[in-house]
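Morning, everyone. Please have the sequence and the model open. I'll walk through it quickly.

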Amino acid sequence: MSSDSTDHPRGEAAVLVAIQNAIADRPGVLPAARGLSHFGEHALGWTGSAAVGLAVAFARDDLPAQTRWVQAGVGAFGAHAASVIVKRVVRRQRPGDPRIRVGVSTPSRLSFPSSHATSTTAAAILLGRAAGLPDGVLPALVVPPMLASRLVLGVHYPSDVAAGAVLGAACAVAVTRDDRLFAHLTARLSREARTMLRCRG
């Protein structure tokens, strides 16, 4: 019998129970956690944010900014995809202790690493870079709340979100390793987009 089903939850299950008992019932905590969950689902909120930034950079004809916003979108989505691959290899199941309250539905029963933590960390690093913010500012603002939300909602163990954050940071580094490649691709896409707009006009 696993520790998740015993009368006295142990290890990470016990940590989740303690976290939920401490803060889950405070006003606004669960709605905020669910909002973050929906925003980060499949990295859609982050890729959408990158798309908005790209549109603004395109309107300004700012190619370097376009490159950074493309990197942000690719990095967020790529980080999510990487987390899904790791999940399917590891196949760790989500928390199952009956004392843990599950506050949101999930697309699968696989838990390690947290895809929300992975894509959010990558996105925060890359979106902050694209927006010209000082290093670490956006990650400090958005990553801890997202990681905490996965615990409050009872859908991940602490090690799931920690591993997701590490994987997300690695994905962000990988995306920014060769700016020249993205600059070339972005310039080509920008030219094609402007050609299409002129043809339509």
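At the start of H5, look at Ser-114. One of its side-chain oxygens comes within 3.4 Å of the backbone nitrogen of His-116. That is a polar contact: a pair of N or O atoms within 3.5 Å, where within protein one must be able to donate a hydrogen and the other to accept it, and residues adjacent in sequence count only if both atoms are side-chain atoms.

A word on sources: this is a predicted model, where local features need pLDDT of at least 70 and side-chain atom pairs count only at pLDDT 80 or more, while totals for chains, interfaces and linings use all residues. Residues are numbered from 1 along each chain as its sequence is written, and side-chain values use heavy atoms, with hydrogens and water left out.

Stay with H5. Helix H5 covers residues 115-131. Helices here are DSSP runs of H or I, at least four residues, and strands are runs of E, at least two, numbered from the N terminus.

Is H5 mostly covered or mostly open? Mostly covered: 14 of its 17 residues are buried. Buried means under 20% relative accessible area, exposed over 50%, partly exposed in between, with a 1.4 Å probe and protein chains only. Just after H5, Gly-132 has a positive phi of about 80 degrees.

Pro-113 sits in the loop between H4 and H5. A cis peptide bond joins Phe-112 to Pro-113, with omega about -5 degrees. Arg-91 is in the loop between H4 and H5 too. Its phi is positive, near 60 degrees, and it is not a glycine. Most residues other than glycine have a negative phi, and most peptide bonds are trans.

Asp-61 also has a positive phi, about 55 degrees. Asp-61 lies in the loop between H3 and H4. It counts as exposed because its relative accessibility is 54%.

Next, helix H4, residues 63-90, which holds His-80. At 13% relative accessibility, His-80 counts as buried. Which residues does His-80 touch, leaving aside neighbours within four places in sequence? His-42, Ala-43, Ser-115 and Ser-119. Contact means heavy atoms within 4.5 Å.

Last, the whole chain. There are eight helices and zero strands. Of its 201 residues, 42% count as buried.

How values were computed: Expected span 1.5 Å × (residues − 1).
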